[in-house]
Amino acid sequence: MEQLHQEDLIRIQRFRLMDDDFFTKCLDGNIPCVRLILRIVLDMPDLEVIEVRTQVFVENLLNRSVRLDILAMDDNGRIFNIEIQRTDKGAGAKRARYNSSMIDASLLKKGAGFDALPETYVIFITEHDVLGRNLPLYHIDRYISELGEKFADEAHILYVNGAYRDDSPVGKLMHDFSCTNAADMHYDVLADRVSFFKESKEGVAIMCKAIEDMRMEAYHEGREEGREEGRAEQTRSLALRMLSAGKYGLEEISDLSALPLEEVRALQAEQFL
């Protein structure tokens, strides 16, 4: 246990704001940090954030749900979703579209008119230049193609290139997101928060508890995956026994075993090898 604790302490020192778990912990309920980030990436120097929530679960009872890193609201009722994405795959265009749609679905109350939907921003801060044009920012909005005019649905998507570096506010901000040492950061409000979680006794204890919680969550997910693998093996075994009996059609085996028809055919082919 002591060795594990020491490893966790080393891990904490390696954390950066570009690591989503550390990012959400640092920004949890922290209006000044979120306000700074939004003012810079949106070029809105007067923006005032009034609410910040982290790890917001937006449930879809019939299909895929999402967990949002940061969900914030300003004094004009605009909604901002900030996501950290270290892998290019996690920042795909349709992921941004889905986040935007899920936020809309969660905000509109039953019986409310569609005009009640607030203006929304889905912001991906990516470790790499996902869109590959060497720009610091990529603003995505809907347009009326024939007119070249914006379609005023007030739904915006923004990609922030985490690899971008220069002396502009965005370049300095992305530098700070990659720092492991608070002393190397440009923006004091972010440096103070990072310093708290890396250097203070209270902050380090919070991070150690967060790491332990993640470890336990991974353990339970692993056990569940093991049970799923066990059930999958039982399903495969049932299908094989039915194939060996020689009295069931492939579609019937698929129905009774709940194994996809293509997999039943593949099992049948294996029997003749």
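I looked up strand S3 (residues 79–85) and found it mostly covered, with 7 of its 7 residues buried (under 20% relative accessible area, where exposed is over 50% and partly exposed lies in between; 1.4 Å probe, protein chains only). Strands (E, at least two residues) and helices (H or I, at least four) are DSSP runs, numbered from the N terminus. The model is predicted: local features need pLDDT of at least 70, side-chain atom pairs count only at pLDDT 80 or more, and totals for chains, interfaces and linings use all residues. Residues are numbered from 1 along each chain as its sequence is written, and side-chain values use heavy atoms, with hydrogens and water left out.

Next I checked side-chain directions. In a regular strand the side chains alternate between the two faces of the sheet. From S3, Ile-79, Asn-81, Glu-83 and Gln-85 point one way. Phe-80, Ile-82 and Ile-84 point the other way.

Then I looked up the pairing, which needs at least two DSSP bridges between two strands. S3 runs antiparallel to strand S2 (residues 66–74), joined by 4 bridges. Ile-82 is the bridge partner of Ile-70.

With strand S4 (residues 120–126), S3 pairs in the parallel sense over 7 bridges. The chain gets from S3 to S4 through helix H4 (residues 93–107), in a right-handed β-α-β crossover. Right-handed means that, with the strands pointing away from the viewer, the path from the first strand over the helix to the second runs clockwise. I also noted that Ile-79 has Thr-120 in S4 as its bridge partner.
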